Amino acid sequence: MKKDFTYDVIVIGGGHAGCEAAYISALLKAKTLLLTINLDTIGETPCNPAFGGAGKSQIIREIDALGGIMPRIVDRSAIQVRMLNTKGGAAVHSLRMQIDREKYRYEMKVTLEKIPNLYVKQGKVKNLLFNNNELSGVICNTGSTYYGKKIIIAAGTFLGGKVILGETEYNAGRYGEPGSYSLSDNLKEIGFNTFKLKTGTPSRIAGNSIDFSGLEKQEHENIDQNFSIWEKNTVKNGRDCYVVRTDDKVHEIIRQNIEFSPLFKGIIEGKGPRYCPSIEDKVVRFFDKDSHKIFLEPEGNNTDEWYMQGFSSSLPEKIQNTMLKTIKGLENCHIFKPGYAVEYYSIDSTQLYNTLESKNIKNLYFAGQVNGTSGYEEAGAQGIIAGINAALSLKNKEKFTLSRNESYIGTLIDDLILKGTQKEPYRMFTSRMDNRMIARQDNAYYRLSEKAYLAGCITEEQFDIIKKKTLKIKEVNNYIAVNKVKNKTFLDMLKTQNTSLEDFPDIIKKFELTFDEIITIESDVKYAGYIEKHNKFLEMNKEWTEKKIPEFIDYFKIPNLTIEARQKFKEINPVTIGEAGRISGISSSDITALILYIRKIVKW
Amino acid sequence: MSFNINSNRTIAAIATSVVGSTIGVVRLSGKNSLSILNSIIQKKINKPRYVYLRNIIDNNEIIDNAIVIYFKSPWSYTGEDMVEIQCHGGYVTMRRIYSLLLKMGAEPAQKGEFTKRSFLNGKIDLTQAEAVNSLINSSNTVLADNSIKMMNGIFSDRIKDLREKILEIIAFIEAYIDFPEDDVDEISPEYLNSNIQRLYNELIVIKNTYSIYKKLKEGIKVAIAGRPNAGKSSLLNACLKEEKAIVTHIPGTTRDVLEHTLYINGMNVTIYDTAGIRSTEDTVESIGIMRAEKTLMDSDIILHIIDASVEFTSEDKYIYDKIKNKRKIIILNKIDLGKCLEKSFFNKDNIVEVSLKTGEGFDNFECLLQNEINIENFVDNDFDFFIDNERYVNSIHKVVLILQKILDEINKPLEYTAEDLKDAKDELGSIIGEIYHDDILDKIFSTFCLGK
């Protein structure tokens with residue numbers, strides 16, 4: 001009987017972090033329980049119905065390289081495919097897909113249901129259970145207890161969640177769904193620093209009430225692109241998005257009604273993301289801008305709901321309604337669901353290791369929005385890292401981490417554990433990368449698959465596919481370095497700005513190169529100088545960056561270290577010198593003082 | 001973040017002043033110190049703390065004869081392997097040896113890097129390091145005035161301002177890349193070109209102020225010119241208030257250029273006594289005259305001394321015409337022997353009447369000379385400060401090269417430009433010791449209205 005209530009890994013939350021964590025954990029043969037408040041909202045996409053885009057497509061491809069589930073589900077439920085940033089090179093190319101929300105949820109749910117070792121269950125966790133000060137399980141509000149060796153909290157916006165709309169506010173995790181309050185209190189009790197963040201979502205409107213004629217169209221692109229390399233999916237009858245624009249009428253309504261905005265009245269205390277401001281925020285902060293762009297995105301093929309990207313608002317529904325009706329094309333629109341703001345608690349992610357395990361409570365992991373991030377992809381990335389580490393640590397295997405230099409996921413987690421998210425919810429951008437010319441969406445597999453294979457995340461067959469591709473690319477590289485056209489090697493030709501590998505169809509045919517392989521080969525040539533420079537820089541600093549800081553160090557005993565640095569080091573407790581140096585506000589002289597001191601107390 | 005204390009780098013620097021000393025020291029510190037030294041001397045050395053006399057060789061040519069000492073880690077100033085080369089003083093020799101070391105693989109030391117390494121290796125503590133720093137920063141008054149300005153941030157404010165401008169361009173590009181569907185204007189080559197060209201020009205101006213510093217360090221060159229026996233050596237002696245040049249009444253005694261360094265108005269002033277200029281059959285003397293003419297042309301101020309007790313001779317006129325376009329003071333000497341030449345003969349020039357024999361009028365001369373020795377007379381730049389460190393020049397030069405590269409490749413995809421600009425931004429940051437990476441996003445969000 002107890003066997004049915006005992007697991008290796010318990011994942012709390014069935015959103016993007018939770019699904020990813022539970023999936024990979026089960027794949028790594030850990031008996032895994034996925035607890036969700038509502039079975040039917042597994043894989044919910046509560047904000048815009050799209051995955052990928054700048055900084056995010058790269059993450060999805062990395063999740064795919066690590067054997068995750070998100071990329072496959074996105075491919076299966078896609079209704080529009082676009083490649084963004086094609087004016088730039090591969091470093092900034094970003095695949096983006098609109099998805100069918102219902103299909104996404106459905107695909108995720110049925111996929112997870114069928115995974116061996118994975119047990120999905122409806123239940124809301126009240127608090128964590130400890131046995132002799134060791135984490136041992138969770139207690140649900142139904143009274144049931146589930147025992148687990150590792151627990152991953154992926155609670156999204158549900159911790160202490162509050163929905164705010166105009167002057168109305170009430171407890172909820174999302175619109176129409178209950179939040180999680182006792183767990184939130186429990187985490188505070190056991191020593192986690194928490195703080196309030198805010199996010200928002202726009203209204204959903206009825207498609208049959210929109211006059212699409214004369215609206216700028218954003219079309220589905222017929223490109224042969226998937227997020228996942230492991231299965232082939234094609235979008236049939238791709239859907240279009242549309243663009244509408246606000247004008248002074250909308251801005252005037254906002255200005256006149258700003259007193260009703262919970263944001264400006266101070267009802268909302270949490271910090272919202274600057275990259276995702278509400279329409280009222282945009283109008284107030286960028287008052288000289290006379291128009292803001294709004295995208296109308298279909299939420300699926302079986303629904304008439306349309307998402308209004310760029311029109312997030314927490315003004316009362318009545319005012320949202322008035323504003324919308326002044327916009328060309330929306331004169332007669334019907335609101336299915338008004339926009340609203342959500343305030344929720346996040347934990348301070350600097351309390352975590354780069355495995356996403358808590359520094360204070362062993363065997364407890366945190367992933368996703370609960371760590372103060374925003375975005376499905378960011379959540380999934382953390383889910384897979386937490387899931388892999390939880391499962392690996394059961395067998396006392398080496399921890400699984402990615403570095404900033406090899407991946408977006410590594411950068412994301414490094415930023416989380418060293419910088420935290422108290423300033424605003426964290427979203428990934430390509431500009432956060434130290435060198436985005438190295439980590440690109442086209443080469444995720446060559447960067448990460450070996451690691452994934454060694455950890456057991458992908459099968460031998462999967463890894464063989466990557467090895468073959470790697471070998472083929474190597475052959476092409478050798479071929480173009482030696483073979484010439486008009487006294488110039490292909491390699492030298494490729495180095496010039498306007499030459500592409502596609503200019504040599506014979507090579508493509510000879511090696512049967514796919515679109516992504518072409519991009520990879522070409523980009524490595526074009527970015528070579530930059531990549532080399534970056535690697536040289538890393539090599540130069542390696543001597544220090546990888547040195548471990550002794551665990552028993554007392555930062556307050558270090559002479560010549562600024563007070564600020566002592567406090568930050570103590571708070572964040574960096575593991576290596578490199579980590580210490582990346583904490584914001586830490587200067588190179590602080591680092592030298594630290595190095596000097598450590599050299600005195602231990603033999604490095 | 002770069003820690004800049006990678007012990008794999010072997011650094012080199014000129015340790016002593018390049019002016020006013022007969023012996024100079026060039027130092028190396030780091031792993032390869034000894035091998036670099038051995039690659040530039042004729043007979044290799046390996047014993048630490050022994051003094052060797054060696055020829056310094058560049059391309060099979062002996063460039064100096066120097067004392068070299070090898071210090072083995074940790075028994076050295078920095079705690080690393082070190083080499084000290086005691087060579088002949090003067091800018092040229094020391095510079096040649098220094099450049100040779102760089103050619104052999106050493107890297108230029110950053111300001112205070114020997115002391116920093118010493119500190120990092122636990123040889124001295126931070127307060128000692130700071131003390132060393134203030135000690136070596138003693139300077140003359142003009143340099144000191146500038147240092148105070150630099151201390152108060154006049155230079156770092158300019159660098160911060162330039163970095164901010166670069167940041168604005170980066171933010172623009174990054175916003176365009178990270179928000180491809182938002183209302184971010186496309187970045188035109190014209191926008192990039194005009195903005196980067198402006199930064200480029202500004203940096204060049206700052207970089208060029210280093211010539212002021214160099215001028216101050218090298219000093220002002222004052223040459224004494226005049227036909228034989230006009231009193232050139234007497235003038236020099238009067239200036240030095242000691243008998244260095246041999247003063248005789250036989251024309252042509254000073255056959256070469258003698259030089260002496262004085263300290264006037266907070267600046268180093270080197271006075272050159274030249275051979276009398278006249279036509280001669282004497283080969284030795286004619287070589288002297290050629291050198292004298294070159295010295296005159298290279299100098300900043302010429303003291304043209306003319307015997308006023310006799311007529312203005314063709315030799316006087318020869319010199320007078322030769323130095324027509326140079327900054328000068330005309331000294332009518334020997335007025336104790338009766339004035340044959342009047343001031344009015346030369347209408348507009350800086351002119352003074354003296355008798356070097358009796359000392360009459362010498363005060364007036366000194367007054368005139370002091371007025372002439374003013375830094376603003378010798379530099380073109382209209383400057384509010386000048387940079388006084390080769391490290392700044394090197395960094396600014398690197399930034400200039402990066403900007404030049406961007407200008408040359410203005411049509412490349414924007415991620416290249418962004419990458420280059422980030423390098424430029426960090427290089428500027430390294431001048432003031434501040435490198436940030438979080439600043440780009442802050443700039444993006446404060447400038448653009450973005451997001452869903």
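**Strands, a helix and some backbone angles**

Trainee: In E5(B), which residue is the bridge partner of B:Phe71?
Mentor: This is a predicted model, where local features need pLDDT of at least 70 and side-chain atom pairs count only at pLDDT 80 or more, while totals for chains, interfaces and linings use all residues. Residues are numbered from 1 along each chain as its sequence is written, and chains are lettered from A and ligands numbered from 1 in the order in which they are written. Helices (H or I, at least four residues) and strands (E, at least two) are DSSP runs, numbered from the N terminus. In E5(B), B:Phe71 has as its bridge partner B:Met82.

Trainee: How many bridges join strand E4 to strand E5 of chain B?
Mentor: Two strands pair if DSSP finds at least two bridges between them. Strand E4 (residues 61–71) and strand E5 (residues 82–88) of chain B run antiparallel, and the number of bridges joining them is five.

Trainee: In what order do the six strands of the open sheet in chain B come?
Mentor: The pairing in this sheet is mixed. Strand E3 (51–58) and strand E6 (107–108) of chain B are the edge strands, each pairing on one side only. The order in chain B is E3-E4-E5-E2-E1-E6.

Trainee: At about what angle does helix H2 of chain B run to E2(B)?
Mentor: Axes are lines fitted to C-alpha atoms, for helices over the stretch in contact (C-beta atoms, placed from the backbone, within 7 Å). Angles run from 0 to 180 degrees between N-to-C directions. Helix H2 (residues 91–103) lies across E1, E2, E3, E4, E5 and E6 of chain B, and its angle to E2(B) is about 15 degrees.

Trainee: Which residue does a cis peptide bond join to B:Ser73?
Mentor: The loop between E4 and E5 of chain B is the place to look. Omega is about 0 degrees there, and the partner of B:Ser73 is B:Pro74.

Trainee: Is B:Arg49 buried or exposed?
Mentor: B:Arg49 sits in the loop between helix H1 (33–38) and E3 of chain B, and its phi is near 60 degrees, a positive value in a residue other than glycine. A residue is buried if 20 or more other C-beta atoms, placed from the backbone, lie within 10 Å of its own, exposed if 12 or fewer, and partly exposed in between. Because B:Arg49 has 10 C-beta neighbours inside 10 Å, this residue counts as exposed.

Trainee: What is phi of A:Glu512 near?
Mentor: A:Glu512 lies in the loop between helix H15 (505–511) and helix H16 (515–526) of chain A. With 8 other C-beta atoms within 10 Å, A:Glu512 is exposed. Its phi is positive, in a residue other than glycine, and near 50 degrees.

Definitions and conventions: Two residues are in contact if their C-beta atoms, placed from the backbone, lie within 7 Å.
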